[in-house]
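Subject: Handover of a structure

Dear colleague,

Please find the structure below, together with its sequence.

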Amino acid sequence: MAYPYTHEKEVRLLSRGWGDPAARTLAGARAMGGYEGLAKALELGREKVIEEVKASGLRGRGGAGFPTGMKWSFMPKEKRGPHYLCCNADESEPGTFKDRELLRWTPHQLIEGCLIAAYAIQAEHAYLYCRGEFFEANQVLARAVAEAYEAGLAGEKILGSGITIDLTVHQGAGAYICGEETALMNSLEGRRGLPRVKPPFPAAAGLFNRPTTINNVETLCAVPHIIKNGGAWYRQWGSEKSPGTKLFCVSGHVVRPGNYELPLGFPLQELIYDVCGGFREGRRLKAVIPGGSSVPIMSEAECLDCSLDYEGVAAKGSMLGCASVIVMDDSTNIVKQVRRMVDFYAHESCGQCTPCREGTTWLSRILVRIETGRGTEEDLQTLLDLGKQMTGTTICVLSDSAAAPVASSIQKFRDDYLALIRQGEAVGAA
Ligand SMILES: Cc1cc2nc3c(=O)[nH]c(=O)nc-3n(C[C@H](O)[C@H](O)[C@H](O)COP(=O)(O)O)c2cc1C
Ligand code: SF4
């Protein structure tokens with residue numbers, strides 16, 4: 001199959017069907033075994049579904065890597081009113097483009113995952129909060145939801161059982177912060193997408209103040225496969241603490257950028273040089289950001305023996321996040337790249353917390369000063385101090401996310417900063 005790029009080392013579990021228009025339809029999804037997991041879940045019963053997901057070791061793919069089965073088990077067992085499931089399809093982290101593909105190519109895989117998750121947590125309504133800019137994905141998803149209703153897979157008495165689960169596709173209105181789970185719930189309630197102070201956590205008081213679970217698209221897409229084949233089966237890939245397959249979004253200076261589904265623990269070097277074809281002639285690796293723009297940057301030396309699982313990347317002082325691997329070759333001006341990322345966070349800060357609202361703006365101003373040859377060495381210390389004040393002091397971690405690449409780039413690519421400060425000379429042009 002010719003999905004932009006594929007590789008023989010991939011394990012195409014979630015991405016099977018990408019590039020094939022038939023996979024978007026209910027008939028096509030069923031031909032690939034779709035909705036068999038849902039039927040099995042209803043046979044197993046709620047408790048066993050949660051146990052199976054726990055046994056698989058599946059960890060949330062939205063960035064934090066929190067164990068999914070454990071998250072589901074936090075929902076109250078006794079029901080005193082509605083429970084809700086929210087599918088987080090607001091994907092807008094720079095460098096991340098995996099959920100969009102799951103939405104546009106295999107919407108029924110996601111719908112099945114939502115139905116199983118909603119059943120497990122006793123939710124009668126699942127909201128799919130989809131990034132508004134994903135015009136095509138929103139249309140494909142809405143069509144697939146209508147097909148699911150027509151076939152008796154969603155709505156009242158799903159698959160002839162006594163269970164009712166409604167599905168609503170909600171189009172986001174274009175703010176990165178609406179991907180943060182509590183801001184997402186505010187936005188769904190028709191309010192401004194401002195993150196809420198935690199606790200209370202969503203399992204206690206979430207959407208409409210009711211017990212709620214929020215899961216990422218990729219997390220939910222893995223669920224039907226786990227229920228159909230068993231938690232132990234899923235563990236054939238990955239490591240003890242990071243089992244399963246993962247979609248890696250590779251962008252930047254590699255020859256074949258794109259989405260690749262690989263077992264967790266896949267070596268970073270192999271991803272860059274084998275799967276993605278390495279660099280343009282005459283160029284070599286300079287830096288990698290392994291988990292979207294919100295995690296510490298890694299130097300070439302740190303990339304040498306790095307395995308791409310939650311622990312492997314943490315051992316190198318960074319985070320796997322949502323596995324958006326941004327690769328930079330030696331033509332890169334690190335200061336410029338970091339400044340661009342900081343500008344993104346400054347633009348997307350919701351403004352509730354002073355360290356974030358003011359800090360992101362000041363980080364950007366100082367970085368621009370350095371980038372344009374007007375900086376001083378004291379500026380580096382100011383950036384580090386500012387970053388410290390922005391970390392762990394705010395309602396959500398957007399603030400920490402903005403500070404992380406700045407601090408790590410000063411630590412690891414100090415010479416790039418100093419070259420601009422001392423001579424105003426450009427380090428790389430990209
Ligand atoms: C600023 C910010 C933006 C986020 N954006 C997303 C997003 O677009 N998609 C997503 O799934 N999670 C996003 N998250 C993480 C969610 O808050 C939440 O942890 C996740 O959806 C939980 O799903 P999981 O347990 O399946 O990973 C974001 C978090 C923060 C702080
Ligand atoms: S850290 Fe930033 S984005 Fe998050 S709540 Fe505070 S101001 Fe808003």
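This is a predicted model: local features need pLDDT of at least 70, side-chain atom pairs count only at pLDDT 80 or more; totals for chains, interfaces and linings use all residues.

The largest share of the shell around ligand 1 comes from strand 4 (residues 212–216), which supplies three residues. Strands (E, at least two residues) and helices (H or I, at least four) are DSSP runs, numbered from the N terminus.

Residues are numbered from 1 along each chain as its sequence is written, chains are lettered from A and ligands numbered from 1 in the order in which they are written, and side-chain values use heavy atoms, with hydrogens and water left out.

The ligand

In total, 18 residues surround ligand 1, and the closest are Gly62, Lys71, Asn88, Asn216 and Thr219. A residue is counted here if one of its heavy atoms lies within 4 Å of the ligand. The shell consists of four nonpolar, eight polar and six charged residues. In this division Ala, Val, Leu, Ile, Met, Phe, Trp, Tyr, Cys and Pro count as nonpolar, Asp, Glu, Lys and Arg as charged, and the others, Gly among them, as polar.

Several N or O atoms of the protein lie within 3.5 Å of such atoms in the ligand, the limit for a polar contact; within protein, one atom must be able to donate a hydrogen and the other to accept it, and residues adjacent in sequence count only if both atoms are side-chain atoms. A polar side-chain atom of Thr219 is 2.7 Å from an oxygen atom of ligand 1. For Gly62, a backbone N or O atom lies 2.8 Å from an oxygen atom of ligand 1, and for Gly179 a backbone N or O atom lies 3.3 Å from a nitrogen atom of ligand 1. On its own, ligand 1 has 610 Å² of accessible area, of which the protein covers 88%. Accessible areas come from the Shrake-Rupley method with a 1.4 Å probe; for residues, only the protein chains shown count as cover.

Salt bridges

The whole structure holds 29 salt bridges, each being a side-chain nitrogen of Lys or Arg within 4 Å of a carboxyl oxygen of Asp or Glu. Glu218 and Lys246 form one of them, at 2.5 Å from N to O. This pair links distant parts of the chain, since Glu218 is in helix 9 (residues 217–229) and Lys246 in strand 5 (residues 245–252), 28 residues apart. Glu218 counts as buried at 1% relative accessibility, and Lys246 is buried at 0%. Buried means under 20% relative accessible area, exposed over 50%, and partly exposed in between (1.4 Å probe, protein chains only).

Lys286 pairs with Asp416, their closest N and O atoms being 2.8 Å apart. Here strand 8 (residues 285–289), with Lys286, is linked to helix 18 (residues 414–423), with Asp416, across 130 residues. Both Lys286 and Asp416 are buried, with a relative accessible area of 9% for Asp416. Salt bridges that share partners also join Arg24, Arg100, Glu101, Arg104 and Glu136 into one network.

Lys98 and Asp99 meet in a further salt bridge (2.8 Å, N to O). Lys98 is buried at 1% relative accessibility, as is Asp99 at 3%.

Yours sincerely
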